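Take a look at the picture, then follow the notes below.

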Amino acid sequence: MTATSISSRGETLAFPPGFIWGAATAAYQIEGAAHVDGRGASVWDTFSHTPGRIADGHTGDVACDHYHRYADDVRLMAELGLRAYRFSIAWPRIQPAGSGPVNAEGLDFYDRLVDELLAADIVPYPTLYHWDLPQALEDLGGWTARDTAYRFADYARIVHDRLGDRVGTWMTVNEPWVAAVLGYGIGVHAPGRASAAEAFRASHHLLLAHGLSARVLREGGAREIALTLNLAPVLTPAQLSDPDLPVSAEDAEAVDRVDCLINRQFLDPVLRGEYPRPTLEIMDRIGGLEHIRDGDLATINQPVDLLGINYYTPCVVRSAPGEPANAAYPGTEDIRFSGAHAPTTAMGWAIVPTGLTQVLTRLSRDYPEVGLLVTENGAAFDDLVDGDRVHDTDRTAFFEGHLRAAHAAIEAGADLRGFLVWSLLDNFEWAEGYHKRFGIVHVDFETQRRLPKDSALWYREVIRHNGLRRERARRPTLEAVAARAGVSRSTVSRVINGEDTVSDEFRAIVMNAVDELGYVPNSAARSLVTRRTDSIALVVSGPAAAASADAGADDPAFSVTLRSVVRELEEAGKRVTLMLADSQDGRTRVERYAASGYVDGVVLVSGHSSDPLPAALVRTGVPVVVLGRPVAAHTPYADVDDAGGAAAAVAHLLARGRRRIAAIAGPPDSLASRARLEGYREALRDTGYRSIIAVGDLTLASGADAMRQLLRDDPALDAVFVAGDPMAIGALRALAESGRRVPEDVAVVGFGDVATASYTVPALTTVRTPGTEQGRTAARLLLRHLAGGPASSAILPTELVVREST
Ligand code: FCB
């Protein structure tokens with residue numbers, strides 16, 4: 001019998017041998033002990049004690065009290081199986097005034113910490129600068145002063161002299177973009193200055209500090225030198241769904257300009273010894289280039305062994321003539337920054353794991369010399385403590401998605417050496433204080449109790465297996481039956497297929513094992529090799545099912561979308577079963593069907609806010625892609641940009657001089673209807689014009705009724721945005737009845753671009769939704785996921801089709 005070897009075979013997504021697994025923190029965020037053992041003040045002490053700067057006036061005075069509890073914390077890391085720990089060294093503990101006298105007690109602390117880590121077999125990865133600049137240096141100009149970079153190199157030498165015999169890898173500065181821009185450019189971080197010119201000076205001096213200290217460390221014999229950058233793919237909203245989509249020349253320029261500010265402003269000087277031209281032009285325009293001296297770029301371009309990547313979320317931009325520059329990105333006139341239309345963390349950051357794949361593969365392509373290490377990736381969620389557990393499934397799903405994305409990058413050739421989660425502990429999250437919890441370990445800030453969250457326990461397993469389970473825990477497999485029965489897989493297969501080449505005795509043993517394990521023998525009989533059923537369920541749930549049953553004529557676009565799902569899946573060799581779940585019975589049937597392993601995956605059409613099916617299906621573990629709005633956090637989905645489409649429709653009405661713009665919304669429990677209404681409200685928000693809303697149920701008759709209602713409420717209205725074409729056609733009818741001319745008296749925009757929209761009189765201006773593309777995308781996302789790729793989502797852009805009704 002070979003039961004043990006069977007359960008693991010082919011089930012893990014293995015990372016390369018020796019992959020570095022660990023967690024990260026930073027000194028000011030966890031240490032506390034702000035006034036202990038000779039520590040000097042840092043800019044963060046001053047800033048956090050300035051009223052109004054930090055949420056609820058929180059400070060890092062006590063934080064996680066790690067300074068006193070470090071030994072327990074290291075023990076905890078060991079229990080969680082961490083192999084590496086990235087922490088930062090507080091400059092003001094080492095040199096309280098930023099230069100001059102060294103504080104022995106400060107060095108002693110890190111000495112003890114390093115020893116404790118080594119004793120626990122955890123590799124220390126110190127970062128020399130994670131934002132806690134000694135206040136004394138800030139008083140002399142901080143990072144806007146060139147001298148600060150030289151003082152930093154002195155400090156690096158002091159620390160290396162003490163720890164260099166035990167620390168192999170040294171990280172110089174953490175996220176110079178954040179330190180410079182949030183600290184000096186917009187002032188939401190310490191030291192709280194707000195000048196674009198100063199931010200550029202600070203950036204350059206932080207890079208210089210990196211180069212000077214790298215040189216010192218190398219001379220001192222450091223084995224590996226790294227710096228850590230916050231990097232993000234810069235994409236247009238359309239590229240977010242499909243990175244290979246071609247973009248217009250204007251959008252390409254917008255993307256490049258922002259990329260040059262957030263990514264290449266740092267990557268190019270460090271790894272190529274030059275600033276990108278667009279960055280130089282912006283710097284020159286905003287504050288001049290005097291601070292960049294001859295030889296600086298050669299100093300900055302020291303050889304580095306590892307690049308630390310902090311990835312949280314992508315940056316989404318597009319060309320928008322007339323848009324003022326974003327304060328955090330000086331020089332970005334005519335560019336609009338938008339959110340990513342994806343589920344978000346408690347920070348409001350869109351969750352886009354594929355962004356990590358993009359960052360990593362791009363780095364290995366454009367800067368092939370340097371090794372890569374994810375030095376931060378993680379998420380804040382509103383965790384709830386339940387006894388002695390924290391069931392932070394959102395965070396686990398976040399990490400799982402990003403690890404899959406990292407693995408995909410490795411498969412595509414990226415030289416990724418390790419992954420450090422942010423963060424070990426809940427901690428002082430800068431301007432957000434203690435409200436945003438990023439830890440895999442929960443910290444009760446009253447009692448300082450540490451409680452590993454479920455994500456930490458999950459991570460321990462990932463580390464132990466050096467990877468992830470490739471697939472959901474499936475129902476018992478053919479192999480499991482073979483193992484239980486002590487026979488070969490082909491014997492099981494022959495028994496199940498009713499072949500008479502197996503003796504009665506063995507047949508009985510196999511059937512016994514089948515019963516004991518509750519094995520459902522469909523897929524195995526079909527495919528011994530792939531363990532796949534090659535079947536996909538296309539499930540239409542809730543009101544969508546009801547609508548497709550009785551209002552098919554009202555929504556032909558819907559069947560087009562469904563047909564494209566089927567076509568795409570069939571072309572990939574899958575059998576597709578269409579299932580309607582418009583009743584409790586129907587839902588139970590679908591759930592059982594999926595759970596018992598008859599299908600490899602599900603494309604689910606739901607879109608109803610109170611539909612319980614999506615969550616139930618996700619719980620079965622079967623891979624699901626939602627066609628439409630995501631209903632459960634982290635379920636991948638293919639949606640269209642309803643809000644953006646509605647906003648474009650209203651913007652068009654405004655541009656045509658309309659001022660009293662009403663809306664006919666769809667049913668409020670439809671997520672798409674809600675998003676369209678949001679887009680309408682959003683577009684009116686800053687105009688000062690009021691919103692006037694009536695609600696229909698998507699049918700033509702309800703559109704006519706709603707229009708009559710609106711005319712009674714506001715006889716002078718001059719435009720109406722209708723969240724569905726059939727309702728818009730009803731509205732046209734009601735307007736004609738009332739003697740209003742379209743568009744002279746009232747302009748009308750619909751949504752959906754159904755086939756009849758161009759035949760109404762006058763022809764209807766409407767928002768076209770990419771139905772075929774949406775169906776195809778949902779199918780592709782599922783296929784890619786089933787093939788082991790990341791579970792990603794897509795939002796497809798809509799298009800305004802202008803006809804005669806506006
Ligand atoms: C990064 C910082 C880190 C933490 C995370 C959430 O920008 O390096 O200290 O605050 O964000």
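The side chain of T760 makes a polar contact with the backbone oxygen of A757, at 3.2 Å. Keep in mind as you read that this is a predicted model.

- You can find T760 in the loop that runs between β26 (747-752) and β27 (765-768).
- Is T760 buried or exposed? T760 has a relative accessible area of 14%, and because the cut-off for buried is under 20%, T760 counts as buried.
- If you set aside residues up to four places away in sequence, T760 touches I729 and L732.

**Salt bridges**

- How many salt bridges does the model hold? The count comes to 49, and a few of them are described here.
- D154 is partly exposed, with 31% relative accessibility.
- R336 pairs with E323, and their closest N and O atoms are 3.1 Å apart.
- E568 and R780 form another salt bridge through their side chains, at 3.1 Å, N to O. Here too the pair links distant parts of the chain: E568 is in helix α23 (residues 556-571) and R780 is in helix α30 (residues 771-786), 212 residues apart.
- Which of these two partners is buried, and which is partly exposed? E568 is buried, with a relative accessible area of 15%, whereas R780 is partly exposed at 39% relative accessibility.
- Some salt bridges share partners, and in this way D108, D111, D115, R162, D165 and R166 are joined into one network.

**Around the ligand**

- Which residues are found around the ligand? They are Q29, H130, W131, N174, E175, N310, Y312, E376, W422, E429, W430 and F438.
- By type, this shell divides into five nonpolar, four polar and three charged residues.
- H130 has a side-chain N or O atom 2.8 Å from an oxygen atom of the ligand.
- E376 places a polar side-chain atom 3.0 Å from a ligand oxygen, and for W430 the corresponding distance is 2.9 Å.
- How much of the ligand does the protein cover, given that the ligand has 290 Å² of accessible area on its own? The protein covers 95% of that area.

**F266 in its helix**

- F266 is part of helix α12 (residues 249-272).
- With a relative accessible area of 1%, F266 is buried.
- Leaving out neighbours within four places in sequence, F266 is in contact with P176, W177, S203, L207, L229 and L261.
- How do sequence and space compare for F266 and A320? These two residues are 54 residues apart in sequence, and their C-alpha atoms are 26 Å apart in space.

Key:
Residues numbered from 1 in each chain as written. Predicted model: local features only at pLDDT ≥ 70, side-chain atom pairs only at ≥ 80, totals over all residues. Heavy atoms only, no water. Helix = DSSP H or I, 4+ residues; strand = E, 2+ residues; numbered from the N terminus. Buried < 20%, exposed > 50% of the residue type's maximum accessible area, 1.4 Å probe, protein only. Polar contact = N/O pair within 3.5 Å; in protein donor to acceptor, adjacent residues only side chain to side chain. Contact = heavy atoms within 4.5 Å. Salt bridge = Lys/Arg side-chain N within 4 Å of Asp/Glu carboxyl O. Near = heavy atom within 4 Å. Areas by Shrake-Rupley, 256 points an atom, 1.4 Å probe, with all protein chains shown as cover. Nonpolar A, V, L, I, M, F, W, Y, C, P; charged D, E, K, R; others polar.
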